[in-house]
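Trainee: I have this one open on my screen and would like to talk it through with you. Can we start with the inside and then move on to the charged pairs?

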Amino acid sequence: MSAQGTPNLAARTTKTPQGAWTVTFLLFLFMVVNFADKIVVGLAGVPIMTDMKLSAEQFGLLGSSFFFLFSISAIVVGFIVNKVPTRWVLLTLAVIWAVAQFPMVGTVSFTTLLICRIVLGAGEGPAFSVAAHAIYKWFPDEKRTLPTAILSQGSAFGVILAVPALNWIIVNHSWHYAFGALGIVGLIWVAAWLALGKEGPLEDTEVLAATEPKIPYVQLLTSRTFLGCVIATFGAYWALSLGLTWFTPFIVKGLGFSQSQAGFISILPWVFGATIVILTGWISQVMMARGYTTRISRGVLGSVPLIIGGLILTAMAHVEGAGLQIALLVVGSGLCGAIYVVCPPMLGEFTPASQRGAVIAIYGALYTLSGIIAPSVMGTVIQRAGTMLDGYLTGFTINAAVMIGSGVIGLLLLWPNTEKARLSRGAGPQGTALKGAVSPT
């Protein structure tokens, strides 16, 4: 798509290389494992708090600890994948995930659990950005939204598939064994990636690093679309991190459901979110094919659901009945998924391929800072509330305000098509090279 919104006919004829969808499926499974690893602490929250005698504030700290090195790791690895093939980086990350799970199989102290979650977070911090960068080596710009949606779907399916299985292990055996099961699954993915994982043929990492014209990072990272992506996704990730840490405890302690019942209820936001993600990816790609600018087909399409979701969440504190409160929480938080689909392709529109890994990683590092803040804020609010249910509802109201604010800012700032034109003009003779780097033909 050109800066003016006219379809790029040369790019339209680009064929998807053979093996692209196999790698996409493997990376989808990569994200399935990633989010199964994330959800296990929240799913086992009540048994962990009971066995280890943790307060709400301590459990909030445990939820936040996953993100302590998340952002730093994402940035460091993002610069590494500018020069190193993603195949080996992804393999290393998956090995770290698996190894970090096994200490929890036996008797474990709170400190050990905390350290293992920090290590796991360091390994998972770069996951989505590296996987997206890897996929973009297989697809040109105008074909990236749908594979990005499939990659993002891994988060939903990681929860949908893992929650019933992990909850069965927790209820019938022990929460310790749930961690061990995840470690084994991680090693299985490592074996599959060693056998089938490949580097995309559309871009040569080493050649691009040596020859492709660069745009100063300060220009890329201060562009309004980059800032809009960070702020909008910050609000979405606030909701996601609360879902990972506090959704199941809310169902059990706040609404009075059993652990077995909560296991099935906990997959509802992810089922709805998965639908939103796939619809967003499909609608975006159809809109682009019909000539809409990426301002509309990506920027507006990703921001508006975030605002609507926040407005829906504000109603939670003003209605009665567990069923209605769960429905509002499911729909409101599920609508956040749209922004994850559109932001990486928007950044890829105007970022040279040899710098894309770092830019997407820095984007991920910044928006996931809400993962440090949100679980702790919720824990503190619950601890200080008059009743536990009031604490949860106040925490979700704060979530709603964050979503609405970030969605409005995203709506104002996301203009990727004009961003590309501005940076191309600023690059002077590099403009043509930039277009070729972002949308290889």
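Predicted model: local features only at pLDDT ≥ 70, side-chain atom pairs only at ≥ 80, totals over all residues.

Trainee: Which residues touch the most other members of the largest nonpolar core?

Mentor: They are Leu27, Phe30, Leu90, Trp270 and Tyr363, in a core of 122 residues. Helix H13, residues 224-254, gives the most to this core, with 16 residues. A nonpolar core here is a set of buried Ala, Val, Leu, Ile, Met, Phe, Trp, Tyr and Cys residues joined through side-chain atoms within 4.5 Å; buried means under 20% relative accessible area, exposed over 50%, and partly exposed in between, with a 1.4 Å probe and protein chains only. Helices are DSSP runs of H or I with at least four residues, numbered from the N terminus.

Trainee: And what is leucine 27 in contact with, leaving aside neighbours within four places in sequence?

Mentor: Leucine 27 is in contact (heavy atoms within 4.5 Å) with Leu90, Ala131, Ala134, Ile135, Leu151 and Trp193.

Trainee: Changing topic, how many salt bridges does the structure hold?

Mentor: It holds four, where a salt bridge is a side-chain nitrogen of Lys or Arg within 4 Å of a carboxyl oxygen of Asp or Glu. One of them joins lysine 137 and glutamate 199, at 2.6 Å from N to O. Lysine 137 lies in the loop between helices H8 and H9, and glutamate 199 in the loop between helices H10 and H11, so the pair ties together parts that are 62 residues apart in sequence.

Trainee: Is lysine 137 buried or exposed?

Mentor: Lysine 137 is buried, at a relative accessible area of 1%, whereas glutamate 199 is partly exposed, at 24%.

Trainee: Which residue does glutamate 349 meet in a salt bridge?

Mentor: Glutamate 349 meets arginine 298, at 2.9 Å from N to O. Glutamate 349 is in helix H18 and arginine 298 in helix H16, so this pair links parts that are 51 residues apart in sequence, and both residues are buried.

Trainee: What about arginine 422, where does its partner lie?

Mentor: Arginine 422 forms a salt bridge with glutamate 419, with the closest N and O atoms 2.7 Å apart, and both lie in helix H22, three residues apart, about one turn of the helix.

Key:
Residues numbered from 1 in each chain as written. Heavy atoms only, no water. Helix = DSSP H or I, 4+ residues; strand = E, 2+ residues; numbered from the N terminus.
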